[in-house]
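Hello,

Please find the structure below. My notes on it follow.

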Amino acid sequence: MTMSIAIIGGGIGGLTAGIALRQKGFSVTLFEQATEIGEVGAGLQISANAVRVLNALGLKPQDWQCSKPKSVTLHDYKQGDLVTSVAMNITPDAPYLQFHRADLIEKLMAAAIDTGVTIKLGKHVTVSETGPNTVLIDGQSFDIVVGADGVRSGVRDQFYDGLESQFTGKIAWRALVKATDLPGPPIQNTRIYMGPNKHIVMYPLRDGKLINIVAVEERATWTAEGWNHAGNADELRNLFNGWCAPVTTILAQVQSTIVWGLFAHPTLHSWVKNRLVLLGDSAHPMVPFVAQGACMAIEDAWVLADQLAKKPDTAKALQAYQDIRKPRATKVQQTALKSGSIYHTANPLARGILHTGMRLTSKLAPAIMAGHYDWIYNHDVTAD
């Protein structure tokens with residue numbers, strides 16, 4: 001008898017898990033509380049470690065509508081001077097892709113449907129019981145339930161003993177600008193501008209038609225965690241008043257923005273509770289500074305499906321999934337938490353020393369700068 005698996009959450013992790021599990025022969029039903037799976041946020045980055053998973057699933061994301069930056073450049077905030085540059089997309093086996101989230105979701109949704117995943121939209125479901133053999137969702141029995149309902153996971157809050165998240169002292173802003181509204185040559189690569197207590201990232205989406213903007217500032221207090229709080233575009237511009245022309249010029253075109261607080265989530269003791277298992281941001285929410293939230297969820301999806309297919313004992317398969325994924329995801333989670341502050345050095349002398357060190361490293365030992373996150377990008381869960 002085919003094992004029945006329910007997935008709660010129709011984001012990138014949930015959809016990828018549905019595809020991977022169906023390809024292994026499981027019966028999969030995905031529940032999403034939104035009436036349609038569409039845009040939340042804007043741009044996201046999919047590095048080689050996650051692209052390998054999508055390719056192993058036969059999806060070929062390199063052929064989808066995306067941007068493929070040739071480099072990531074870091075700049076000083078005042079004059080826009082280049083501090084260092086890291087080459088990207090040098091070889092076909094190490095792709096780094098930038099998507100409008102809606103475009104990626106659309107492709108994953110189509111692939112899930114083609115694979116045979118049953119998708120039920122507009123379904124706010126509740127896990128009513130989890131036992132050693134089955135899990136009940138609104139009275140319906142499943143062999144396994146996957147909680148993929150994101151950073152504010154109801155499944156996690158209901159069934160897992162986790163400590164409260166802590167505000168990091170940073171908030172993030174997000175906006176989109178039409179490339180045709182900007183003067184000068186088009187932005188083709190990823191740019192990061194670093195200044196006292198804040199930084200801003202910009203990169204192209206949809207083959208350069210849109211520019212995605214993410215700005216991060218340090219702030220003493222914040223109350224709400226989430227992705228859908230309307231921000232004030234003038235307030236965003238005022239935050240970067242006096243910065244270099246590339247920053248002020250693009251912010252002048254911002255019409256609307258969203259803002260959210262960045263929270264640190266303590267590591268869960270376990271992702272597995274009987275036949276209930278967590279995946280992606282439900283298991284390991286992370287701040288965006290190494291752009292690995294979606295990538296870790298994609299890796300999770302592959303390993304979960306792989307272990308369930310390899311091990312007839314479901315409990316052992318779920319435990320193996322956790323044993324494989326938890327150390328890596330936790331390390332990435334902690335790395336992301338530490339990485340944002342390097343951009344925000346406020347003391348001019350300290351910032352000058354830091355930037356000089358970056359320039360010298362880039363010039364004298366470029367492999368060190370380029371290889372800083374190789375342990376993330378070079379990993380291949382499909383080969384394990």
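**Strands and aromatic contacts**

Strand β6 (residues 97–100) is covered on both faces: L97 and F99 on one side, and Q98 and H100 on the other, are all buried. Buried means under 20% relative accessible area, exposed over 50%, and partly exposed in between (1.4 Å probe, protein chains only). Strands (E, at least two residues) are DSSP runs, numbered from the N terminus.

This is a predicted model, in which local features need pLDDT of at least 70 and side-chain atom pairs count only at pLDDT 80 or more, while totals for chains, interfaces and linings use all residues. Residues are numbered from 1 along each chain as its sequence is written, and side-chain values use heavy atoms, with hydrogens and water left out.

Strand β3 (residues 43–46) runs antiparallel to β6 and is joined to β6 by four bridges; pairing requires at least two DSSP bridges between two strands. Q45 stands opposite Q98 in β6.

Rings of Phe, Tyr and Trp (its six-membered ring) pair if their centres lie within 6.5 Å; planes under 30 degrees apart count as stacked, over 60 as edge-to-face and the rest as tilted. The count by this rule is eight aromatic pairs. F167 and F263 form a tilted pair, 5.6 Å centre to centre with 55° between the planes. This pair links distant parts of the chain, with F167 in strand β12 (residues 166–178) and F263 in strand β17 (residues 257–264), 96 residues apart. F167 is partly exposed, at 22% relative accessible area, whereas F263 is buried, at 11%.

Y77, F240 and W243 form one aromatic cluster. K198 lies over the face of F240, 6.0 Å from the ring centre; the rule is NZ of Lys or CZ of Arg within 6 Å of the ring centre and within 35 degrees of the ring normal. The charged end of K24 sits over the ring of W302, 5.7 Å from its centre.

Regards
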